[in-house]
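Please look over the fold and packing of this protein. A short report in running text is wanted, with one table.

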Amino acid sequence: MAPAHPRSSASSSSFPRERRIRRRAEFVRIQNGGHRVSTRHLLILVAAPAEGAARGGAPRGGGVKSAAAPVPSGPSRLGLVASRKVGGAVSRNRAKRLLREAFRRFPELFPERVDIVVILRTGAGSLGLDDVLAELRGVVPVLRRRAREALTAAPRARTEPMAERSAGDPPAPAPGQADPTDS
């Protein structure tokens, strides 16, 4: 029996936890508010990282970050979604492995400092690495533009002042309506 080969390049081919999108809430946030880029076999969603969630999770001890915190810098994170429409478990897992490989080996194809969710479409299970790379290379300029849009929209959304009211106050009147408390 031949000795098992040690994984000498395990660190170079690993996909560390801080580069993954793992929680359902993160996937939902990106799917609801992400900027979309579409190819034949991939739907790519790009969103600014959530405050605190992108690099280590929410602050412990109930601490609240300031509303004007800058968008965190650092590498992008990747999340993958493959339904049964892609194929059986073997096809789905192979397609996800190919996308992770592209994300690791070709970082120039993906914008930095954003969260990326790739939803695999029907037929993605039959793609090879060259096919995946060709689809990604075809949308690099659009991905970069969507990442810029996501990053510039994120600070504005966090810095908009929120109307403060206590739990006992009546709701504010809609624009164009008279305030019932003025009479």
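**Basis**

This is a predicted model, in which local features need pLDDT of at least 70 and side-chain atom pairs count only at pLDDT 80 or more, while totals for chains, interfaces and linings use all residues. Residues are numbered from 1 along each chain as its sequence is written, and side-chain values use heavy atoms, with hydrogens and water left out.

**Overall make-up**

The protein has four helices and four strands. Both are DSSP runs numbered from the N terminus: helices are H or I with at least four residues, strands are E with at least two. From the N terminus, the order is α-β-β-β-α-β-α-α.

Of the 183 residues in the protein, 33% are buried. Buried means under 20% relative accessible area, exposed means over 50%, and partly exposed lies in between (1.4 Å probe, protein chains only). The accessible surface is about 11800 Å², with 53% of it belonging to carbon and sulfur atoms. These areas come from the Shrake-Rupley method with a 1.4 Å probe; for residues, only the protein chains shown count as cover.

Contact means heavy atoms within 4.5 Å. Among contacts with a separation of 6 or more, 77% link residues 24 or more positions apart.

**Strand pairing**

Two strands pair if DSSP finds at least two bridges between them. The pairings are listed here.

| Strands | Sense | Bridges |
|---|---|---|
| E1 (residues 35-38) and E2 | antiparallel | four bridges |
| E2 and E4 | antiparallel | six bridges |
| E3 and E4 | parallel | six bridges |

A hairpin of three residues joins E1 to E2. Within that pairing, Ser38 has Leu43 in E2 as its bridge partner. On the E4 side, Leu45 is bridged to Val117. Gly79 also stands opposite Val117 in E4. E4 is mostly covered, with five of its six residues buried.

**Helix H2**

How far apart are the end C-alpha atoms of helix H2? They are 24 Å apart, in agreement with the 24 Å that its 17 residues (residues 89-105) should span at 1.5 Å a residue. The expected span is 1.5 Å times one less than the number of residues.

The buried residues in H2 are Arg92, Ala95, Leu98, Leu99, Ala102 and Phe103. Seen down the axis, they fall within an arc of 140 degrees, so they line one face of the helix. The arc is that of the directions from the helix axis to the C-beta atoms. These buried residues pack against strand E2 (42-47), strand E3 (77-82), strand E4 (115-120) and helix H3 (129-138).

**Nonpolar cores**

A nonpolar core is a set of buried Ala, Val, Leu, Ile, Met, Phe, Trp, Tyr and Cys residues joined through side-chain atoms within 4.5 Å. The largest one holds 32 residues. Ile44, Leu99, Ile116, Val118, Leu120 and Leu136 touch the most other members. E2, E3, H2, E4, H3 and helix H4 (140-159) each supply at least two residues of this core. H2 gives the most, with five residues.

Leaving out residues up to four places away in sequence, Val118 touches Leu42, Leu43, Ile44, Leu78, Gly79, Leu80, Val81 and Leu99.

**Single residues**

Thr39 sits in the loop between E1 and E2. Is Thr39 buried or exposed? Thr39 counts as buried, at 13% relative accessibility. Its C-alpha atom is 8.5 Å from that of Gly138, which is 99 residues apart along the chain. Not counting residues up to four places away in sequence, Thr39 touches Arg121, Glu135 and Val139.

Arg146 lies in helix H4. Its relative accessibility is 23%, so Arg146 counts as partly exposed. Arg146 and Ala47 are 99 residues apart in sequence and 8.3 Å apart in space, C-alpha to C-alpha. Beyond its neighbours within four places in sequence, Arg146 is in contact with His35, Arg36, Val37 and Val46.

Arg113 is found in the loop between H2 and E4. Its phi is near 65 degrees, a positive value in a residue other than glycine. Arg113 is partly exposed, with a relative accessible area of 32%.
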